[in-house]
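This report looks at salt bridges, nonpolar cores and confidence in one protein. Please view the sequence and structure first.

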Amino acid sequence: MSELQRSFAKAKLAGLPSEALLPLDTFREEDESPEGLADEFCSWSESAQDEDSSSASSTGTIKPNPWTRYFAQEYYLENVRPDGVVIHHVYLTPPANKGPLFVLHHGAGSSGLSFAVFAAELLEALPDAGVLSIEARGHGETVVKSNDGTIKGEPHDLSIDLLSSDLSKTVQLVQAKLGWPHLPDIVLIGHSLGGAIITDVASRGTLGTAVIGYVVLDVVEGSAVDALQQMNLYLAMRPKTFPSLASAIDWHVRSRTIRNNFSARVSVPPLLYQDAESSLCSDSRPWKWRTDLLMTEQYWASWFTGLSKKFLEAKGGKLLILAGTDRLDKELMIGQMQGKSFSYFRHPLAVEKLTSLPLGKYQLQVFPEAGHFIHEDQPRKTAMLVLDFYRRNNRSALILPPKVSQLVRESATVNKTGTSPDRKEGHVA
């Protein structure tokens with residue numbers, strides 16, 4: 001790659017988050033394009049395959065983790081539609097003792113296990129809670145079958161209307177599967193595309209009054225639409241195949257796409273499948289991306305158009321978690337300046353403010369140390385913030401501040417007896 005080409009690439013990539021990029025120093029001077037990396041990648045693949053077993057056994061850092069460490073059950077739920085049948089794949093830990101249900105939706109190209117470590121942290125802090133992690137059609141193990149029973153290949157219909165309908169229907173299928181007489185209190189949580197989907201569901205009200213709040217992870221309309229202009233370049237630069245799952249995990253961590261090795265070990269494997277018929281190198285059986293993001297390009301803009309407006313106007317508590325304030329778009333920035341948001345951990349009066357938030361206002365938190373996959377990079381911090389958000393929006397456990405409840409009791413005593421409670425002179429409540 002010439003110096004001019006290197007400078008051009010750096011300029012083009014400046015608008016993309018660094019965690020989503022293949023490092024520029026991966027390219028050597030003689031490489032003229034991303035495709036020119038094929039020979040180098042094959043050479044690296046051969047050595048990586050030899051090292052995988054020894055490194056995994058000696059360090060334990062790139063060995064995939066099973067889903068059973070994080071969820072109690074998995075289901076394949078049939079959704080019969082006029083054009084065929086969708087088999088929705090979900091991971092579930094049911095709620096207990098009237099606990100809430102956190103419904104999780106991943107971003108484009110990810111899977112339900114993107115939330116695995118986050119879910120474990122959440123359940124450790126609130127054992128009675130339930131978590132339902134949904135996989136969109138064309139992602140993970142969710143498949144679409146034609147009326148004749150054959151599995152449909154890409155491209156899938158990934159319009160926001162259909163994905164929103166899929167989420168609502170999946171929750172209802174889980175309710176029927178487990179025999180719940182009614183839905184528990186629900187907190188919707190979505191990352192990137194998933195954030196747009198759960199916001200659309202909250203805006204439409206398709207799950208009724210069960211939804212008490214929704215949490216959007218690192219996506220806002222303005223910055224998302226701007227980033228789409230560079231998506232083709234990013235997809236061209238990332239590896240097309242991997243020699244093994246361990247090498248795919250390693251790439252995600254080294255490129256800082258995911259900054260948490262432990263999370264990558266469970267979230268990366270379902271992103272790939274092993275293709276036995278075609279290969280990048282003649283002597284390898286490469287692992288390919290399960291979801292071809294280029295084939296979803298026609299839907300990219302529609303996913304995020306109108307997102308900010310829906311986020312601000314939908315009913316329920318609202319929490320926006322970002323990896324940087326530069327991701328705020330104009331509409332959300334105006335809302336912030338007008339007092340429509342605040343950062344709980346940075347505001348000393350946040351407790352009092354949150355208990356009286358009217359519709360249209362939202363809570364904002366920034367994790368500058370995290371990358372785009374906030375819930376994977378900082379699972380514990382994200383889980384604790386979400387848990388606090390739930391507790392402050394929990395309709396069944398409204399707790400008044402001590403001084404207010406004391407005033408209420410004293411007022412009731414005065415109304416009944418005509419005298420105030422016994423106090424020592426000079427005592428301050």
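In this predicted model, Asp 388 and Arg 392 form a salt bridge, with their closest N and O atoms 2.9 Å apart. Both residues belong to helix H15, where they are four residues apart, about one turn of the helix. Asp 388 is buried, at 14% relative accessibility, whereas Arg 392 is partly exposed, at 26%.

Helix H15 (residues 379-393) also holds Arg 380, which forms a salt bridge with Glu 121. That pair links distant parts of the chain: Glu 121 lies in helix H3 (residues 116-125), 259 residues apart from Arg 380. Arg 380 is partly exposed, with a relative accessible area of 47%, and Glu 121 is buried at 13%.

A further pair, Asp 250 and Arg 254, lies within helix H8 (residues 245-254).

| Salt bridge | N to O distance |
|---|---|
| Asp 388 and Arg 392 | 2.9 Å |
| Arg 380 and Glu 121 | 3.2 Å |
| Asp 250 and Arg 254 | 2.9 Å |

The count of salt bridges comes to 10. Asp 161, Asp 200, Arg 204 and Lys 310 are linked in a network of them.

The largest nonpolar core has 63 residues, and Leu 167, Ile 186 and Leu 188 touch the most other members. Beyond four places in sequence, the contacts of Ile 186 include Leu 101, Val 171 and Leu 207. A second, separate core of 34 residues includes Phe 102 and Ala 383.

The mean pLDDT is 78. It stays under 50 over residues 1-61 and over residues 342-360. Where pLDDT is low, the predicted coordinates should not be read in detail.

Conventions: Residues are numbered from 1 along each chain as its sequence is written. This is a predicted model: local features need pLDDT of at least 70, side-chain atom pairs count only at pLDDT 80 or more; totals for chains, interfaces and linings use all residues. Side-chain values use heavy atoms; hydrogens and water are left out. A nonpolar core is a set of buried Ala, Val, Leu, Ile, Met, Phe, Trp, Tyr and Cys residues joined through side-chain atoms within 4.5 Å. Buried means under 20% relative accessible area, exposed over 50%, partly exposed in between (1.4 Å probe, protein chains only). Contact means heavy atoms within 4.5 Å. pLDDT is the predictor's confidence in each residue, from 0 to 100. A salt bridge is a side-chain nitrogen of Lys or Arg within 4 Å of a carboxyl oxygen of Asp or Glu. Helices (H or I, at least four residues) and strands (E, at least two) are DSSP runs, numbered from the N terminus.
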